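Reader: Hey, I'm new to this one. Can you walk me through it?
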Amino acid sequence: MTARHIVAIGGSDAGISAALRARELDPTTDVTVVVADAYPNFSICGIPYYVSGEVTHWTNLAHRTAADLAATGMRVLTDTRVTAIDAEQRTLDVLDPTGAPQQLSYDALIVGTGAVSVRPPIRGLSGPDALLPADGVHVLHSMGDTFAVMDSLQQRNPATAAIVGAGYIGLEMAEALTSRGIRVTQIEALPEVLPTVDPELGALVHAELERNGVEVLTGTAVTAITRSATGALTVTAGHDNQLVSRTVDFVLVVVGVRPDTELAADAGVRLGVKGAIDVDEAMRTNLPGIFAAGDCVHTHHRLLGITWLPLGTTAHKQGRVAGENAVGGHAVFAGSLGTQVVKVFDLVAARTGLREHEALVANLGWTPVTSQSSPDDHKAYYPGATPIHIRICGDQHSGRLLGAQLVGHRGAEIAKRIDTYATALFHEMTIDSLGELDLSYTPPLGSPWDATQVAAQGWVREHRSATPRPLTA
């Protein structure tokens, strides 16, 4: 049955995608999106580029303007916070922009509350004596966080900064602050930066950071952030059983996120992996009429099964599925491969699928093995050729592709090439069959055998029998 009134909680990727899909399929359906802040459909991924100045105004981070959203026929309630879900009565308790309580009814509900920043157990970061943005100590995940960061940068005019965490946002912010003339120290508790790729490739990103003036401290766990009477901030950390410290003007803590599920859990929605909302492939929860999508839900992974992997691309797809099914459809989320890419100064790093240790831990019957090669991005005789460092993981017995990682120059079309591997993974191709793909070629941009295929051939030579396939009549 077509729902008469659909409500989506959350105005980011999943909530807006769901609302757009519902309106697209059934323009007679009443669709309301409830947004806790004033920034529906803003690109959180674009925040570092606003901080750097490459995006010149914060309003440019909006995927769609308020007028664009209104033109679709949906109703967007900004600065409106949902305080409770009554699944039996199908109502929401909300506080409107003035703080006055109201109630909304729904026929179908889509929970897209996303994720919130993790605050690690660092002295000075939490508790009654926690340092605040006014002190120059920040987390970064929302537009509100962004405005606090920009205010701090303008008012404090810092010469030095420490970034705690060297994942995607941490690395992008290291570049953003450096581009503003700030000397950055990047501190990562794990042995290498960008821990979503193998250390051999993370080391290349590490070197790129240092080449651009960033001090990088790996294997270093921050234990305290303190503020002196003059306003200087001291970050203290443990490294090789010794204490190290850096005194800076500005501190940013970006060590990951966790699913924001308190509202749903209080309503009786079942939680699963890592506390994320448990949904089926149609994005249905255990409660009738309630769907969920985005960073607040667990992820159906095409190789791993159920996991939690918060990504904007995944949130858009899940939201679209939830919106379609909320109006009576039968859509299914096809699953994620964890395809990711990041630019760090002049390097780009990307990954898709599984690394060798991830495939081993999954214990799904594979014998994962990895090869590494560094083919040029285009023909060497054409000026400007640069190596692409590629690591491929596959099953030694079947030859099935399990994952790939790439690091190369920003001009080497790393994103396009990781997408080649992601497409092959989606269709469960063998590594050998990558050589049969009809990929484009011109000397300034590639080779007759693309770098992705050269790397695949290297894996086959290293890990598979060289016995030729039998000829067919």
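Reader: Is Y39 buried or exposed, or something in between?
Author: Y39 is partly exposed, at a relative accessible area of 22%; buried means under 20%, exposed over 50%, and partly exposed in between, with a 1.4 Å probe and protein chains only. This is a predicted model, where local features need pLDDT of at least 70, side-chain atom pairs count only at pLDDT 80 or more, and totals for chains, interfaces and linings use all residues. Residues are numbered from 1 along each chain as its sequence is written, and side-chain values use heavy atoms, leaving out hydrogens and water.

Reader: What does Y39 pair with?
Author: With F42, in an edge-to-face aromatic pair, 5.6 Å centre to centre and 80 degrees between the planes. Rings of Phe, Tyr and Trp (its six-membered ring) pair if their centres lie within 6.5 Å; planes under 30 degrees apart are stacked, over 60 edge-to-face, the rest tilted.

Reader: And why is the pair of F42 and W58 called stacked?
Author: Because their planes are at 25 degrees, with the ring centres 5.9 Å apart. F42 is buried at 9%, while W58 is partly exposed at 24%.

Reader: Which residues make up the aromatic cluster?
Author: Y39, F42, W58 and F147 form one cluster.

Reader: Switching topic: how high is the mean pLDDT of the chain?
Author: The mean is 95, and 97% of residues reach 70 or more; pLDDT is the predictor's confidence in each residue, from 0 to 100. Over residues 466-473, though, the pLDDT is below 50.

Methods: Contact means heavy atoms within 4.5 Å.
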